[in-house]
Amino acid sequence: MKSMVFLIAILISVSTSGLAQSSEVFQKEGIAINGYDAVAFFTEQKPSKGDKEFKHSYKNVDWLFSSLSNIELFKASPEKYAPQYGGYCVFGAADGHKAPTQADTSTILNDKLYFNYNTKVKAMWNKDMQTNIEKADNNWSKVKDSNK
């Protein structure tokens, strides 16, 4: 019950804050995943801010990278490095809505990058990751182009 109340609060917050987006990729001002380098989550196992010098457009959004080698890896295989659900919260997608994310919530599981809304939501997601991923996979086709 506590987690349901928390999820409802997140949904209301996202819906009323203007952060809900129709974009398939979580972005602010045209920059994907808060300007973090998607490849660095794999190569450095930690968040690393990208640089506008290493910018690449993918799915109508600019992605920033911290190095030439990382941008080249992404260009060669964006589906390998781009986060699942466009970088939106996996737990939110499992619940049927989009929610913004934070870089410090990243998880790589089965060579796929996932983010959560915050560390509290990540802890809830961690309790049953596989079921939540299955729910998010089932919901994503309905949610990805919506404003919810």
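The legends below accompany a set of close-up views of a predicted model.

**View 1**
The chain has 148 residues, of which 49% count as buried. Among the contacts in the chain with a separation of 6 or more, 60% are accounted for by residues 24 or more positions apart.

**View 2. The largest nonpolar core and the elements that supply it.**
The largest nonpolar core holds 19 residues, and the members that touch the most other members are Ala32, Ile33, Phe41, Trp63, Phe65 and Phe74. Two or more residues of this core are given by each of helix H2 (40–43), strand E3 (51–58), strand E4 (61–65) and helix H3 (68–76). The largest share of this core comes from E4, which supplies three residues. Apart from this core lies another, of 17 residues, which includes Val90, Ala93, Val121 and Ile133. As a general background to such views, nonpolar side chains in soluble globular proteins tend to be buried together.

**View 3. The surroundings of Phe65.**
Phe65 is one of the residues that touch the most other members of the largest nonpolar core. When residues up to four places away in sequence are not counted, Phe65 touches Asp37, Ala38, Val39, Gly50, Asp51, Phe54, His56, Asn70, Ile71 and Phe74.

**View 4. Thr101 in its loop.**
Thr101 is found in the loop between helix H5 (90–94) and strand E5 (107–109). The relative accessibility of Thr101 is 7%, and because buried means under 20%, this residue counts as buried. The side chain of Thr101 reaches the backbone oxygen of Gly87 at 2.8 Å.

**View 5. The largest cavity.**
The count comes to one cavity of 30 Å³ or more, and the volume of the largest cavity is about 40 Å³. The lining of the largest cavity is made up of Ile33, Asn34, Tyr36, Thr101, Gln102, Ala103 and Phe115. Taken by class, this lining has four nonpolar, three polar and no charged residues. Ile33 belongs to the lining of the largest cavity and is also one of the members of the largest nonpolar core that touch the most other members.

**View 6. The largest pocket.**
The largest pocket has a volume of about 180 Å³. Its lining consists of Glu24, Val25, Tyr58, Lys59, Trp63, Glu79, Ala82, Pro83, Gln84, Tyr85, Gly86 and Trp140. By class, the lining of the largest pocket divides into seven nonpolar, two polar and three charged residues.

**View 7. Lys59, one of the residues that line the largest pocket.**
Lys59 lies in the loop between E3 and E4, and at 41% relative accessibility this residue counts as partly exposed. Leaving aside neighbours within four places in sequence, Lys59 is in contact with Glu24 and Val25. The side chain of Lys59 makes a polar contact with the side chain of Glu24, at 2.9 Å. Lys59 and Val25 are 34 residues apart along the chain, while their C-alpha atoms are separated by 7.4 Å.

**View 8. Tyr114 in strand E6.**
Tyr114 has its place in strand E6 (residues 112–114) and is buried, with a relative accessible area of 5%. Not counting residues up to four places away in sequence, Tyr114 touches Gln84, Tyr85, Val90, Thr105, Ser106, Thr107, Leu109, Trp125 and Ile133. Tyr114 and Gly87 are 27 residues apart in sequence, and from C-alpha to C-alpha they are 6.9 Å apart in space.

**View 9. Asn132 in helix H7.**
Asn132 is placed in helix H7 (residues 129–143). With a relative accessible area of 9%, Asn132 is buried. The side chain of Asn132 reaches the backbone oxygen of Trp125 at 3.4 Å. Apart from neighbours within four places in sequence, Asn132 is in contact with Phe91, Ala94, Met124 and Trp125.

Methods: Residues numbered from 1 in each chain as written. Predicted model: local features only at pLDDT ≥ 70, side-chain atom pairs only at ≥ 80, totals over all residues. Heavy atoms only, no water. Helix = DSSP H or I, 4+ residues; strand = E, 2+ residues; numbered from the N terminus. Buried < 20%, exposed > 50% of the residue type's maximum accessible area, 1.4 Å probe, protein only. Polar contact = N/O pair within 3.5 Å; in protein donor to acceptor, adjacent residues only side chain to side chain. Core = buried A, V, L, I, M, F, W, Y, C linked by side-chain atoms within 4.5 Å. Contact = heavy atoms within 4.5 Å. 1 Å grid on protein atoms, 1.4 Å probe; cavity = no way out; pocket = protein on both sides within 12 Å on 5 of 7 lines; lining within 4 Å. Points joined across faces, edges and corners; volume = space filled by probe spheres on them. Nonpolar A, V, L, I, M, F, W, Y, C, P; charged D, E, K, R; others polar.
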